[in-house]
Amino acid sequence: MEAPALADPDDAVRDGPGIEAPRVLRKFDPEYSPEARAEHIQGTVVLQLVVNEKGRPIDVTVMSPLGFGLDELATAAVQRWEFSPGTKGGMPVKVLATIEVNSRFQGTGFDAKTERRRSLFNLALATLNKPDATVSSL
């Protein structure tokens, strides 16, 4: 299975010095797919996206999937989110962001440490599979 390409448009900036990160203004929770519910699938879908100058998410890419329809539902929900745009020098700019969307059943146990390791592994794999991956990009 090939890792997804990272959303990294040339004109998007990463959060850092001089950059004010976008803030979520309006958030929508994803539905739980019938397949995931039937199999009691829990976990975290990690998405990478660009928040544009108008505060809209674009170029949404699944970085750490769960399957069972949860990736598509998380993507659809996040595409509806509204942000205050990130700024640089007081001007709105496109900002590269990572979003974690959690799918959990209320009242059941969940191993957050193992789930975090799974997500970090998938993110590292996606980074290594970038065409221009270098040791410094890790």
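Biologist: Over the face of which ring does Arg-80 lie?

Modeller: The model is predicted, so local features need pLDDT of at least 70 and side-chain atom pairs pLDDT 80 or more, while totals for chains, interfaces and linings use all residues. Residues are numbered from 1 along each chain as its sequence is written, and side-chain values use heavy atoms, without hydrogens and water. A charge sits over a ring if NZ of Lys or CZ of Arg is within 6 Å of the ring centre and within 35 degrees of the ring normal. At 3.8 Å from the ring centre, Arg-80 lies over the face of Phe-28.

Biologist: Why is the pair of Trp-81 and Phe-83 classed as it is?

Modeller: Rings of Phe, Tyr and Trp (its six-membered ring) pair if their centres lie within 6.5 Å; planes under 30 degrees apart are stacked, over 60 edge-to-face and the rest tilted. The count comes to one aromatic pair. The ring centres of Trp-81 and Phe-83 are 6.1 Å apart and their planes stand at 45°, so the pair is tilted.

Biologist: Is Trp-81 buried or exposed?

Modeller: Buried means under 20% relative accessible area and exposed over 50%, with partly exposed in between (1.4 Å probe, protein chains only). Phe-83, at 6%, is buried. Trp-81 has 5% relative accessibility and therefore counts as buried.

Biologist: What share of the 138 residues of the protein counts as buried?

Modeller: Trp-81 is buried, as is Phe-83. Across the 138 residues of the protein, the buried share is 40%.
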